[in-house]
Amino acid sequence: MKKATSTAKKNSAKDATSASPSKLIDGRIKELGDWRGEMLKRIRGLIKDADPDVVEEWKWRGVPVWEHDGIICTGETYKAVVKMTFARGAALDDPAGLFNSSLEGNVRRAIDFHEGAKINEKALKTLIRAAVALNASKVKSKPAKKRSA
């Protein structure tokens, strides 16, 4: 019986690690079960609306990550805030003033969403599209690698 229990635990762990990033994000939203889950769900929807070609990833032991030609942003959840961190946010124009966290960094910028926060959807989608465009410009500007014969 002990062996069966051990095998069941291994299979459960294997299932968790083999689940798609999208399923893992679904699980996080459901697991939170409060305003943070709803906020993460809304943010995720806006990211997908802004960039239908976005790729969802699950990194760093449980952080939802959205990528397109590189990391666009992450969606971390904490007790009092849902933090949307833009990997290269310092290089983005933010005319609507959405960035309200990690402002001292040289590269990243974040938006902290608190319970009951209103989302400026139009401005957020514009910011997401700008991050995608920035990533795409960096991919295009890299010199082509020479192939060996």
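**Charges, contacts and a cavity in a predicted model**

Student: Is Lys-122 buried or exposed?

Tutor: Lys-122 counts as exposed, because its relative accessibility is 69%, and exposed here means over 50% relative accessible area, buried under 20% and partly exposed in between, with a 1.4 Å probe and protein chains only. Bear in mind that this is a predicted model, in which local features need pLDDT of at least 70 and side-chain atom pairs count only at pLDDT 80 or more, while totals for chains, interfaces and linings use all residues. Residues are numbered from 1 along each chain as its sequence is written, and side-chain values use heavy atoms, with hydrogens and water left out.

Student: And where does Lys-122 sit?

Tutor: Lys-122 is in helix 4, where helices (H or I, at least four residues) and strands (E, at least two) are DSSP runs numbered from the N terminus. Its C-alpha lies 9.7 Å from that of Ala-96, a residue 26 places away in sequence.

Student: What pattern does the chain follow along the sequence?

Tutor: The order is α-α-α-β-β-β-β-β-α, which comes to four helices and five strands. Of the 149 residues in the chain, 38% are buried.

Student: Switching to charges, how many salt bridges are there?

Tutor: The count is nine, taking a salt bridge as a side-chain nitrogen of Lys or Arg within 4 Å of a carboxyl oxygen of Asp or Glu. One of them joins Glu-121 to Arg-42, with the closest N and O atoms 3.8 Å apart. That pair links distant parts of the chain, since Glu-121 is in helix 4 (residues 121-141), Arg-42 is in helix 3 (residues 35-50), and 79 residues separate them.

Student: Which residue pairs with Asp-49?

Tutor: Asp-49 forms a salt bridge with Lys-125, and the closest N and O atoms are 3.7 Å apart. Here too distant parts of the chain are linked, with Asp-49 in helix 3 and Lys-125 in helix 4, 76 residues apart.

Student: What about Asp-112 and Lys-83, are they buried or exposed?

Tutor: Both are buried, and their side chains meet in a salt bridge with an N to O distance of 2.7 Å. Asp-112 lies in strand 5 and Lys-83 in strand 4 (residues 82-86), so the bridge ties together parts that are 29 residues apart in sequence. Elsewhere, salt bridges with shared partners join Asp-26, Arg-44, Lys-48 and Glu-56 into one network.

Student: New topic: how much space lies in the largest cavity?

Tutor: About 40 Å³ lies there, and the structure holds one cavity of 30 Å³ or more. On a 1 Å grid over the protein atoms alone, a cavity is a set of points where a 1.4 Å probe fits but cannot get out, and lining residues have an atom within 4 Å of a point. Grid points are joined across faces, edges and corners, and the volume is the space filled by probe spheres set on the points.

Student: What lines the largest cavity?

Tutor: Among the lining residues are Ile-71, Ile-72, Phe-86, Leu-92, Ala-131 and Leu-134. Strand 3 (71-77) and helix 4 are the elements that give two or more residues to this lining, and helix 4 has the largest share, three residues.

Student: Last one: which loop holds Trp-60?

Tutor: Trp-60 is in the loop between strand 1 (55-59) and strand 2 (63-67), and has a positive phi of about 50° although it is not a glycine. Trp-60 is exposed, with a relative accessible area of 54%. Arg-61 is in the loop between strand 1 and strand 2, has a positive phi near 60°, and is exposed at 88%.

Note on methods
1 Å grid on protein atoms, 1.4 Å probe; cavity = no way out; pocket = protein on both sides within 12 Å on 5 of 7 lines; lining within 4 Å.
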